[in-house]
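User: I'm new to this one and would like a quick tour. Can you put it up on the screen?

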Amino acid sequence: MALAVVLFLVATLIAVLLYQVFGEMLRYAGKFAGPTAYPLIGNGHLFINKSPAAFLHIVGGLLKQYGSCIRVWLGTQLVIVVNDPKDVEVLLSSPKYIDKSTEYDFIRPWLGEGLLTSRGRKWHSHRKVITPTFHFKILEQFVEIFDRQSSTFVKMLQPFAESSKSFDIFPQVTLCALDVICETAMGTKLNAQVNSNSTYVLAVKEITNLIQLRFYDFLIRYNFFFRLSSNSRKQKKVLKVLHDYTNSVIQDRRQQLATAKSGDGSAELSDHDLGIKKRMAFLDMLLQSTIDGQPLTDLEIREEVDTFMFEGHDTTTSAISFLLQSLAKNPDVQQKTFEEVLSIVGGDRTTPITMAMLNDMHYLDLVIKETLRLYPSVPMIGRKIVQTTEINGKMFPAGANAIIMPFFMGRNPEFYPNPDKFDPERFTVETSAEKMNPYQYVPFSAGPRNCIGQKFAVAELKSITSKVLRHYEILPPDEQRDESFIAEMILRPEHGTYVRLKSRVY
């Protein structure tokens, strides 16, 4: 009898605690449409033991079945998938919703509290410090790096053009993007394109794979279970490689600045120093910056440099790969793009690209926008709902993760007639102004936490794509492949991005 009473009291206490923690969330979540959820696992069974590519198929099916704003439980974590541009506008434009969703916690062991993952006052102060790094004068000087690494890229592609066989261009683009971001972020030459087996290159690849595994497995989304897994031990090893490399670069540069200061009495850097001469604008800016009169610590600098490395290579890899594949599938678009590049740069393949040339490539701008509509580099944008709030008549409970999915918004026929057609003309000024809600197209996010490196990314995309087009005609692969995607931290092709190359004669 006494045991029964104790068990009853324990059960009652657990029930009360669960209600205090989840009561409000359960009450409001019940008003959203969505699949039937089960105790503890929620809807986790829908995703467990599925292939990575199945995620988008499952979520796409749920959106068709339940509407543009649905709830999904991953274990005890509530996810509200938001695909109505009116709701997206509220979530992205308001400073109330700047905390990132739970998914970003999985990146924190690598990036710490860098600009992507930080919140509150730290995010505001660091954003203010970093914004000048992307000033157009500094970007203009980075174009020389884009051009040089693009030249290496087309050389590495030459054997594929000579063979005329289909190949997956995604891995080679990844190495090129790594070379670009390592030199612009840290001022060091990684030479990943010619040394793809370097320790740092392999470490970047492994950490991104480990992080994405936590997105869909509802068990290892919880830190308790993740720490018990073999993935946790792998992550510790690979993080040591990544952090040691960044730390060594920071220490080397600090020493160089100290030497410069002792030599001429000043460590201040001129505009010229920040560009071609030093080629370390991002790291130099951080080393020279102060917040409330105090310099950034080595840890804070490492977090921001690692963030730039992460955000600056994977996303551009995805965009460039899908862009080149889209040009292969649409030869009329490719020809028009090539003619524009030729008219601006001229017929000499050795002519270096300048920022002025890139700015004049207006049609390529449209091609990039259309590519990102169909293949957004970041297929999901997450926000944590810190306080229960009403958004357009819907109550979003505190603790919920609001997930915006540009992948599905870009393919919605309500927003884009004939959405599967690759049509850059959708983004002409006239068409966009007449028909488009700006929040239905958010490949670089929007609002206070929009992508700070948007202009950097577009300049890099234009530089590499224009360089490839000056050397090669991009052809579709010999064999037809089903198009399917893996939504990790970035959008990846499940079966690769296959093209053929033919040396261009003109």
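Predicted model: local features only at pLDDT ≥ 70, side-chain atom pairs only at ≥ 80, totals over all residues.

User: Where do Asp-292 and Arg-121 lie?

Analyst: Asp-292 is in the loop between strand S4 (290-291) and strand S5 (294-295), while Arg-121 is in helix H5, so the pair ties together parts that are 171 residues apart in sequence. Helices (H or I, at least four residues) and strands (E, at least two) are DSSP runs, numbered from the N terminus.

User: How many salt bridges does the count come to?

Analyst: The count comes to 21 salt bridges. One of them joins Asp-298 to Arg-254, with the closest N and O atoms 2.6 Å apart. That pair links distant parts of the chain: Asp-298 sits in helix H13 (residues 298-329) and Arg-254 in helix H10, 44 residues apart. Asp-298 is partly exposed at 26%, and Arg-254 is partly exposed at 29%.

User: What does Asp-99 form a salt bridge with?

Analyst: Its partner is Arg-119, and the closest N and O atoms of Asp-99 and Arg-119 are 3.9 Å apart. Asp-99 lies in the loop between helix H3 (85-93) and helix H4 (108-111), and Arg-119 in the loop between H4 and helix H5 (120-130), so the pair ties together parts that are 20 residues apart in sequence. There's also a network of salt bridges linking Asp-105, Arg-108 and Glu-113.

User: Switching topic: which residues form the positive surface patch?

Analyst: Arg-227, Arg-233, Lys-236 and Lys-237 form it. Helix H10 (residues 230-264) gives the largest share, 3 residues. Lys-237 is in H10, and at 64% relative accessibility Lys-237 counts as exposed. For a patch, residues need over 30% relative accessible area and no salt bridge; like charges are joined within 9 Å, and nonpolar side chains (Val, Leu, Ile, Met, Phe, Trp, Tyr) within 5 Å.

User: What about the backbone?

Analyst: Most residues other than glycine have a negative phi, and most peptide bonds are trans. Ser-164 has a positive phi near 60 degrees, and it lies in the loop between helix H6 (136-163) and strand S3 (167-168). Asn-418 also isn't a glycine and has a positive phi of about 50 degrees. Asn-418 is found in the loop between helix H17 (406-409) and helix H18 (429-435).

User: Last one: how many bridges join S3 to strand S13?

Analyst: 2 bridges join S3 to S13 (residues 498-503), and the strands run antiparallel. Phe-167 has Val-499 in S13 as its bridge partner. Strand S10 (residues 472-475) also pairs with S13 in the antiparallel sense, over 4 bridges, and Leu-475 stands opposite Arg-500 in S13. Two strands pair if DSSP finds at least two bridges between them.

Note on methods. Residues numbered from 1 in each chain as written. Heavy atoms only, no water. Areas by Shrake-Rupley, 256 points an atom, 1.4 Å probe, with all protein chains shown as cover. Salt bridge = Lys/Arg side-chain N within 4 Å of Asp/Glu carboxyl O. Lys, Arg positive; Asp, Glu negative; His and termini not counted. Charge placed at Lys NZ, Arg CZ, Asp CG, Glu CD. Buried < 20%, exposed > 50% of the residue type's maximum accessible area, 1.4 Å probe, protein only.
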